[in-house]
Amino acid sequence: MAEREKMLEVDHIRVEFGKKRHPFVAVDDVSFAIYKGETFGLVGESGSGKTTIGRAIIRANPLAAGEIRLDGQRISGRLTPAEDRQVTRDVQMIFQDPMDSLNERAKVGYIVAEGLYAPGRHYTEEQRREMVNKALSDVGLLPEFASRFPHEFSGGQRQRIGIARALILDPKFIVADEPISALDVSIRAQVLNLLARLQKERGLTYLFIAHDLSVVRFICDRIAVIHKGRIVELAESEQLFAHPLHPYTKALLSAIPQPDPIAERNKKLLVYDPACHHYEVDKPQWTEVEPGHFILANAPELDVYRRELQR
Amino acid sequence: MDQQQVLLSVQDLNFKFTLRGQVLHALRGISLDVYKGESLAIVGESGSGKSVFVKCLMGLNDANGCVESGKILYDGKDLAQFKSDAEWRALRGHRIAMVLQDPMTSLNPLKTIGWQIREAVELHQNLHGDAAKKAVYEILAEVGISDPQRRYNQYPHEFSGGMRQRVVIAIAMACKPEILICDEPTTALDVTIQAQILGLIKEMQKKYDLTTIYITHDLGVVANVADRIAVMYAGDIVEVGRCEEVFYDPRHPYTWALLSSLPQLGVKGEPLYSIEGTPPNLFHEVRGDAFAPRNPHALKMDFVKRPPMFTVTATHAARTWLLDPRAPKIDPPEHIRALREKGRQLGLTKGEECANG
């Protein structure tokens, strides 16, 4: 564990929206680290702040507190123009809905190449075309598609265009914000395989944001569960699925629809009630209950969780 | 199963849309019986025609589409012959009601939810004044919305997604229908909420002896709710059977492909099984089996002639030449064999060695 190299560190970040006097705290005191070459899953329901964290990493949402580091270099807050360009290059995002995230009035060639037009980068028309062709064929599209418009493509193809756009700058780290939840079942597998192949070929690191736990389990190495802007549990995928500790994680896991009629019929739904915590006196702490398994809990709860693990 | 009463029967339905002079063959000869009190799930990817199919049952398709041939028999009438809105209105809501996908768009943002439910109550139950209001309170409480008196005067934006979907269900239930059609009722919702909403629909079904038709592409939801499953591909039902039969003993290569591509059944670190290519363009005539071009197991026959429905058991049928006695024996993919094994162990399916041998 320890010898693995940390790629991205999120250090006690806080994101606020709204008026200065009464801000809405979307993300509160969130810390995690993503190792080089791994796929890190961030799971939670809508409104839990998972997308906000992703956007904070690509610097679309400013931080109210804390710091984000990429390869030990701070990438949040004020940066010099040179640093800024480097970070834009290294960190890219894949968006949720390929129907909305592509400019419908631009041709695919331009959409994919747009990152190359930024000031400070000088490419000739010829170089750009070559790079676009390469990016398109990397994601399994034909170079001819560059002269077409997004509406001519199906959902799965559009998502590939979105991935090509992220890849053209040769990033190290990709934030994938629900990249497959808007896609059809039969297309999902194609896109998941593509993401896995790219990771293997280019040694990419992913932050995979999703609400569908079954997908997350399949592709992620480690998973963090987020609830109301705070991470409540973080563990290796299999560990999390085998021994969920936090009641919210348990509720989430119990709700996953299984494509198995027998399992579905015998399923017991757990409902998470935040009132089950008694945090008035004893504030919860971010604690490591076993190696690599972190949980947000106070002292009495920790005892219960530890006993549960021993069983 | 045989004693079950057929409530609605669709026979060889063909539905076409005309778009800028081109003809799109959206439903290609669908036949399906819906039994009283069952819950039927229609599964398929987008563009497979599942929404068009249920909209046919309510006469809600766009004006550029028409039923070309076939029958929809319900309550002694042939719905395919309906022409005027007046005929449909006697049926819509009253006998067949629908819950739409996105509760954000299916409610009127300018009216209170009380008003919207009350509209349905007044039209369909003929209640007015205080009686109507009381009925609305009762329905709200029934679908699990607490404090109905206060909620009555609130607008849709004051509700969360799951609550809004409860309101939509309340409106559908206010009509006291016989058939409830749920068009992707939970795709826009979170997993935890999704489970609650499915529970609510099931509860309503039991209480009012409803027949429900679900449309979804989420096989997890299907496994949860369905008694019977119909798998649609390119405007056609390719496989139909009881839930266990389709999940543990699927026969059509498309069903195999769908089940194999689920990440839940995948092995970590290995590529998922994925269906290559895209569904056929229904503007062109489809020859043979529509799935053949994407099917690694396709036979020569599949490209020539459209397969008929082969019966596997009394309740299970699939439209594939693989079930023809003359077809070569083809082993289904590994995942499917594992599922079959599981089904056999549980004693759910007879699981005789591939009937296509």
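User: What makes up the accessible surface of chain B?

Analyst: In this predicted model, chain B has an accessible surface of about 15,500 Å². Carbon and sulfur atoms contribute 51% of that area.

User: What share of chain B is buried, and what share of its contacts joins residues 24 or more positions apart?

Analyst: A residue counts as buried when its relative accessible area is under 20%, and 55% of the 357 residues of chain B are buried. Among contacts in chain B with a separation of 6 or more, 66% are between residues 24 or more positions apart.

User: How far apart lie the centres of the positive and negative side chains of chain B?

Analyst: The 41 positive and 43 negative side chains of chain B have centres 2 Å apart. For chain A, the mean positions of 42 positive and 44 negative charges are 3 Å apart.

User: How do you know that chain A is as compact as a globular protein of that length?

Analyst: Chain A has 11 helices and 12 strands. The globule rule gives 19 Å for 311 residues, and the radius of gyration of chain A, 21 Å, is close to this, so the chain is as compact as a globular protein of that length. Its C-alpha atoms fill a box of roughly 65 × 50 × 40 Å along the principal axes, and 52% of its 311 residues count as buried.

User: Why do S2 and S5 of chain A stand at the edges?

Analyst: The open sheet of 4 strands in chain A has the order S2-S1-S4-S5, with antiparallel pairing. Strand S2 (24-35) and strand S5 (73-74) each have a single partner strand, so one side of each is left without a neighbour in the sheet.

User: Why is A:Leu234 called buried?

Analyst: The relative accessible area of A:Leu234 is 3%, and the limit for a buried residue is under 20%, so A:Leu234 qualifies as buried. A:Leu234 lies in strand S10 (residues 230-236) of chain A. Beyond residues up to four places away in sequence, A:Leu234 touches several residues, including A:Phe32, A:Phe40, A:Trp286 and A:Phe294.

User: Which way do the side chains of strand S6 of chain B point, and which strand pairs with S6(B)?

Analyst: Side chains of a regular strand alternate between the two faces of the sheet. In strand S6 (residues 96-99) of chain B, B:Ile96 and B:Met98 point one way and B:Ala97 and B:Val99 the other way, and all are buried. S6(B) pairs in the parallel sense with strand S7 (residues 179-183) of chain B over 4 bridges. The bridge partner of B:Ile96 in S7(B) is B:Ile179.

Notes:
Residues numbered from 1 in each chain as written. Chains lettered and ligands numbered in written order. Predicted model: local features only at pLDDT ≥ 70, side-chain atom pairs only at ≥ 80, totals over all residues. Heavy atoms only, no water. Buried < 20%, exposed > 50% of the residue type's maximum accessible area, 1.4 Å probe, protein only. Contact = heavy atoms within 4.5 Å. Areas by Shrake-Rupley, 256 points an atom, 1.4 Å probe, with all protein chains shown as cover. Lys, Arg positive; Asp, Glu negative; His and termini not counted. Charge placed at Lys NZ, Arg CZ, Asp CG, Glu CD. Pairing = 2+ DSSP bridges. Helix = DSSP H or I, 4+ residues; strand = E, 2+ residues; numbered from the N terminus. Rg over C-alpha atoms; globule rule 2.2 N^0.38 Å.
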